[in-house]
Structure formats: C-alpha cells, structure tokens
Amino acid sequence: MISLIRSEIYKIGKQSKTLYALAAILIIEGFVFLSAYYQGAGIIDLLLDNLKESFEFQGNLLNGNLIIYLILNSLWFHVPLILMIIISGFLTSEYKDKTIETVMLQPVSKLNFILSKYIVSIIFTLLIVLILAVTTFLISYWIFGYGDLVVYLDGLNFFESEDASYRLINAFLSGTITMVFFSVVSLTLAVILKDATKTWIVAAIFLICSNLLLKIDFNNEIINELFFSKLTDSWQYFFYYEVPYSSIYFKNILLLAYSILVMAIGVLIFKRRDIQG
Amino acid sequence: MILEARNICKSYGSLEVLKNVTIECHKGRIYGLIGANGAGKTTLFRILLGLIKQNSGSIAIDSEGIKPIGGIVEKPALYGYLSAYGNLKVFAQIQRLKLTKELFNESMHQVGLSPERKDAVKNYSLGMKQRLGLAIALLNNPDCIVLDEPFSGLDPMGISALHALIKKLSRENQITIIISSHIVSELADLCDMLYVLYDGEIIKSGSAARLLKENVTTFKISGKNLEMSEVLKNADAVFMNKSVLVSPKDSTISEVLQRLIEEGVEVTSCIPQTDLKALFGREGV
C-alpha cells in the first residue's frame with residue numbers, strides 16, 4: 001500500500017495539472033488581494049455606512065483578517081470545484097489513457113489501488129488547503145496588516161484582531177473537512193462514471209446542489225440535522241460571537257462519516273467492476 | 001503446463017463473446033491465437049490477465065513467482081508525461097520492486113531500447129512504446145506473457161525486430177508467450193502452436209506448421225515466361241503482374257513446379273497462400 005501511495009504521489013508531482021490546480025488557487029487568491037487593494041475601502045464604507053452615523057470606528061477595518069475571511073469564503077465554491085476537477089482526474093485520466101489496465105496487469109490488488117487513490121486525494125486536499133491558508137495568512141498580514149474583523153453573518157459581527165486570527169485558523173481547519181468530503185465524492189464519481197467530462201459536470205452539479213440544499217429548510221429536524229449538505233458549512237460557525245463548538249464537532253464527525261461511506265461505496269464499485277479503459 | 005484455461009465463457013447481456021474456450025500452454029513455447037476481428041481474442045486475453053471476470057470456467061497458472069503473468073492488451077498504455085525511467089519506476093514501485101540503475105539499464109537493453117533517452121514517452125514511436133510496454137510486462141520475471149495484436153501499427157522493420165525479441169524471450173528466458181493477431185503471416189513463422197478462435201469458440205488448434213499447411217490451397221508463383229506456360233493455362237491459374245496464383249487440384253505443387261521447369265519457365269519464388277476463409281471459418285472443421 002505504501003509503495004502504491006508513493007507512486008501515486010510521484011505521478012501527481014510529475015503532472016502539469018497539479019501545477020494548474022495550484023496556479024488556479026493562487027490566482028483566485030490574487031484576485032481577492034487585488035480587488036481588496038483597489039476597492040476594499042469603498043466596499044467597507046458601503047457596508048458600514050449606516051453604522052458610521054451612530055458609531056465611531058477606530059483603526060483600519062480593511063486589514064489582513066478581513067482579506068483572510070474573504071479568501072476563506074472561496075471554500076464555498078471555487079476551491080472545492082478545483083479540487084473536484086483535479087482529483088477526479090487522478091482516476092479518469094487512468095481510464096482515458098488505459099494506464100489503469102497496465103497497473104492492473106502488475107501484481108497489485110484492486111482494493112489497495114483504489115484505497116491508495118483515496119488516500120492520496122485526501123493528502124492532496126490537505127496540502128492544497130494548507131498552501132491556500134499559509135499563503136493567505138502571510139500575504140494578507142504582510143500587505144494589509146493586522147486589525148479587527150467585521151463579518152456579516154445574520155448581522156454584523158466584530159472580533160478583535162487576536163480573536164479573529166484564532167477563529168480564522170479554526171475555520172480553515174474545519175473547512176478542510178468539508179473539502180475532504182467533496183474530494184472523496186469527486187473520486188467516487190470518477191469510479192462510477194470513468195469519463196472526465198461527465199465526472200466534471202456531475203461534480204459541479206453536486207457542488208451547486210449541495211450549496212443550494214444547504215440554504216433550504218426541509219421542515220424536518222432530522223433531515224436538517226443529518227443531511228450531508230447541511231454539514232458543509234461548519235467553518236462559518238466560527239464567526240458567531242458564541243462559537244457553537246458542539247454543533248461544529250457533530251457536523252464534522254458526521255461529515256467524516258459521510259466521507260467514509262462515500263469512499264466505501266467507491267471502493268465496492270471499483271472492486272466489483274471489470275477493468276476496462 | 002504453465003497455463004490452462006478451461007471452458008471459459010463470457011457474455012455481455014445476451015451476447016456470448018466466449019463459448020467454452022479451452023487453451024493449454026507449456027513453458028517456453030510461443031502460442032498464437034488467430035481469428036477475425038470480433039472473434040473474442042481480446043476478451044480472452046483480458047480474462048487470462050485478470051482484467052475481467054469470466055462467467056464460468058477456470059484458469060490455472062502454475063507459477064510461484066510474484067507475477068505469474070504479464071502482458072499488453074491492445075496498445076501499450078503508458079504514462080505519456082513520464083520518461084521511460086519514470087514509467088518503469090512507477091510500475092516497478094507498485095509491485096514493490098526497486099528499480100536500480102542496473103535493473104533499468106538491463107530492462108531497456110532487454111527490449112532493445114536505449115536507456116539514455118530522458119524525454120517523455122509521449123514522444124516515442126509506437127514500436128518504442130511496444131518495447132517499453134514489454135519491458136514493463138517483463139518486470140518481476142513473469143513465466144507467461146500475453147501480447148494482444150503486438151504488431152498492429154508497426155512498420156516492417158518494427159515487426160521484424162519484435163519477432164526477434166519475442167523469439168529471444170521464449171528461447172533464452174523460457175517465457176511462455178501467447179500472441180494474438182488476425183494477420184496469419186505475422187504468426188506463421190513465430191508460433192509453435194496455433195489456436196483459431198471463431199465467433200467465441202476455439203475451432204482449430206495444433207502445431208502452427210500443420211494448421212497452416214492444411215489450409216494452404218493456393219500458391220503464388222513468380223518467375224519469367226509464366227504467361228507462355230501451358231501447364232498454368234490448363235490449371236486455371238490467375239495471372240497477375242509477373243506472378244500467378246495456382247491452386248493445384250489433381251497434382252501436388254512440386255509436380256506443378258517440375259512441369260514448369262520442364263517447360264523452360266524460370267521460377268524465382270513459390271509462396272504458399274493460406275486460405276483465410278478456411279482457416280478462420282468452420283470449413284474443414
């Protein structure tokens with residue numbers, strides 16, 4: 001298994017699409033920095049226009065913490081979409097090039113092969129989120145400095161600089177679990193569909209539907225609590241004044257359970273199917 | 001016996017692709033599987049290699065090695081973005097084989113490739129990819145190699161080089177090789193034994209020389225003054241440019257050739273023509 005994981009990492013390292021994924025993430029990050037640099041002050045003024053009539057604001061609200069929060073919000077759609085496209089490609093490209101047949105002609109078990117794909121996908125996801133987080137924190141604080149964070153979440157919430165940094169780090173950690181879930185889903189879709197384009201379309205639809213379903217109230221407590229799409233926003237909970245830790249732990253543990261279930265389905269399907277590129 | 005596939009059946013829905021196929025292969029020999037397109041050759045190979053499961057029947061491979069069987073199905077599938085070294089490294093690593101520089105050089109030399117090339121495999125010709133695919137198939141020294149249409153798309157030089165390599169692997173390394181093709185001439189002087197697959201069934205099997213001889217009814221004779229020959233005219237020969245197709249009925253080909261020489265015809269070659277319809281079909285079964 002270790003040797004399979006090593007060879008998967010070697011292949012990923014040698015593929016240009018890995019660099020494209022990193023570039024895409026950094027480009028999104030760059031756009032947020034640029035728009036914040038040129039338009040950020042105007043947006044903050046627009047947001048706080050009414051409050052400024054009643055309160056006096058001290059310090060610069062357009063600071064590193066706000067920029068990190070803005071980039072953190074790419075976890076809603078941009079980052080999982082890029083991850084789903086790249087990670088499903090780890091398998092669909094093997095089907096397209098029929099290299100999966102050459103792999104299976106070696107003394108390698110199907111179970112170990114697909115498990116190694118899932119493990120490497122999770123490692124890749126962790127690495128991408130880590131790179132996103134590290135570069136975001138470093139560049140944001142370097143260019144925009146420290147300061148209090150203002151967030152609109154069921155109303156405007158203000159956090160002091162140190163508290164904001166702590167909440168942002170935790171939000172990235174919690175968001176990583178959501179990213180792992182989407183990555184695992186995309187690889188399972190690749191197992192089922194085999195074809196890259198079909199997998200991309202279905203993965204994008206899955207992501208959009210998941211985000212839409214998150215906003216829908218099903219009028220059923222069990223569905224509202226347990227349905228997978230209701231579990232993907234726990235990282236946002238760190239921006240309530242009172243962080244609902246028990247709810248975050250519950251959601252993340254359940255989302256991990258969903259990830260394991262989706263992975264188990266993928267493994268079963270892969271094991272039962274014939275290998276044909 | 002190194003490999004025995006017995007009563008293999010495979011269906012896709014109502015379509016029966018393989019019907020009770022049985023083949024037996026011995027160590028160090030070259031076996032040919034011939035049949036028209038769609039006869040079931042690739043499906044049988046995929047089953048032998050464990051890529052797909054048969055509906056019924058059994059496969060036994062008498063080998064104690066880590067990799068009892070290796071092969072290439074259809075075209076060699078390689079990681080185009082990796083070099084030859086990168087490909088061998090990946091495929092060696094997944095089977096827990098350490099690719100040392102010595103092993104890499106040995107593997108490349110074994111299949112007649114230069115270990116010096118560092119560029120991506122996507123730049124390789126089909127013949128070179130076939131060779132690299134073979135080098136990957138040979139990792140961990142399998143006892144048996146299955147090659148599906150290995151000559152497809154190769155130029156005459158490539159075919160000749162691959163012939164030599166296959167013979168060398170069989171003779172020197174005692175590897176059992178099973179090759180499929182729908183072109184009889186590719187297998188005629190290479191294989192010890194032939195299996196003929198027709199519509200999912202093995203309809204003929206035996207020594208390659210015997211099977212081909214049994215299905216030769218026509219000879220292509222080339223030479224000078226062929227058109228003057230009364231022997232050929234009386235034998236309903238088909239005249240072509242500087243050659244003629246003869247299907248002797250009441251005499252043997254040696255008798256025909258003897259008469260031609262007596263007539264003063266200068267025969268330069270006489271090539272047996274396999275009757276593909278008879279060989280691939282059920283005629284004469």
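Figure 1. Gly70(B) lies opposite Ile145(B) of β6(B). The two strands, β5(B) and β6(B), are joined in the parallel sense by 4 bridges. Strands count as paired if DSSP finds at least two bridges between them. Helices (H or I, at least four residues) and strands (E, at least two) are DSSP runs, numbered from the N terminus. The model is predicted: local features need pLDDT of at least 70, side-chain atom pairs count only at pLDDT 80 or more, and totals for chains, interfaces and linings use all residues. Residues are numbered from 1 along each chain as its sequence is written, while chains are lettered from A and ligands numbered from 1 in the order in which they are written.

**Figure 2. The six-stranded sheet of chain B is open and mixed.** Its 6 strands follow the order β5-β6-β7-β3-β8-β9, with mixed pairing. β5 and β9 (201-207) of chain B stand at the edges with a single partner strand each, so one side of each has no neighbour in the sheet. Neighbouring strands are turned by 15 degrees against each other on average, direction ignored. α4(B) packs on this sheet and touches β5 and β6 of chain B. The direction of α4(B) makes about 165 degrees with that of β5(B). Such angles run from 0 to 180 degrees between N-to-C directions; axes are lines fitted to C-alpha atoms, for helices over the stretch in contact. Contact between two residues requires their C-beta atoms, placed from the backbone, to lie within 7 Å.

**Figure 3. A second open sheet in chain B is antiparallel.** Here 4 strands take the order β11-β12-β10-β13, with antiparallel pairing. β11 (238-240) and β13 (266-274) of chain B are the edge strands, each pairing on one side only. The twist from one strand to the next averages 20 degrees. β10 (residues 216-224) of chain B pairs with β13(B) in the antiparallel sense over 8 bridges. In that pair, Val216(B) stands opposite Thr274(B) of β13(B). Helix α9 (residues 253-262) of chain B packs on the sheet, touching β10, β12 (243-246) and β13 of chain B. The direction of α9 makes about 160 degrees with that of β13(B).

**Figure 4. Strand β4(B) lies largely in the open.** β4 (residues 56-61) of chain B has 6 residues, and the number buried is 0, so the strand lies largely in the open. A residue is buried if 20 or more other C-beta atoms lie within 10 Å of its own, exposed if 12 or fewer, and partly exposed in between, with C-beta atoms placed from the backbone. Strand β1 (residues 3-12) of chain B runs antiparallel to β4(B), joined by 5 bridges. Leu3(B) has Ile61(B) of β4(B) as its bridge partner. Over the whole of chain B, buried residues make up 40% of 285.

**Figure 5. Two helices of chain A pack roughly antiparallel.** Helix α4 (residues 78-96) of chain A meets helix α6 (residues 110-144) of chain A at an angle of about 150 degrees, and their axes are 11 Å apart. That makes α4(A) roughly antiparallel to α6(A), a label for angles over 145 degrees. From α4(A), the contact uses Val79(A), Leu83(A), Ile87(A), Phe90(A) and Leu91(A). From α6(A) come Lys117(A), Ser121(A), Phe124(A), Thr125(A), Ile128(A) and Leu132(A). The contact residues divide into 8 nonpolar, 2 polar and 1 charged. Ala, Val, Leu, Ile, Met, Phe, Trp, Tyr, Cys and Pro count as nonpolar, Asp, Glu, Lys and Arg as charged, and the others, Gly among them, as polar.

**Figure 6. Chains A and B meet in an interface.** Chain B gives 25 residues to the contact and chain A gives 23. On the side of chain B, β5 (69-72), α2 (84-93) and α4 (126-137) each give two or more residues. α2(B) gives the most, with 4 residues. This side of chain B divides into 15 nonpolar, 7 polar and 3 charged residues.

**Figure 7. Two loop asparagines have positive phi.** Asn219(A) has phi near 55 degrees. Asn219(A) sits in the loop between α8 (196-215) and α9 (221-226) of chain A. Asn219(A) is exposed, with 7 other C-beta atoms within 10 Å. Asn141(B) has phi near 45 degrees. The loop that holds Asn141(B) lies between α4 and β6 (144-148) of chain B. Asn141(B) counts as partly exposed, with 13 C-beta neighbours inside 10 Å.

How values were computed: Angles under 35 degrees count as roughly parallel, over 145 as roughly antiparallel, 65 to 115 as roughly perpendicular and the rest as oblique.
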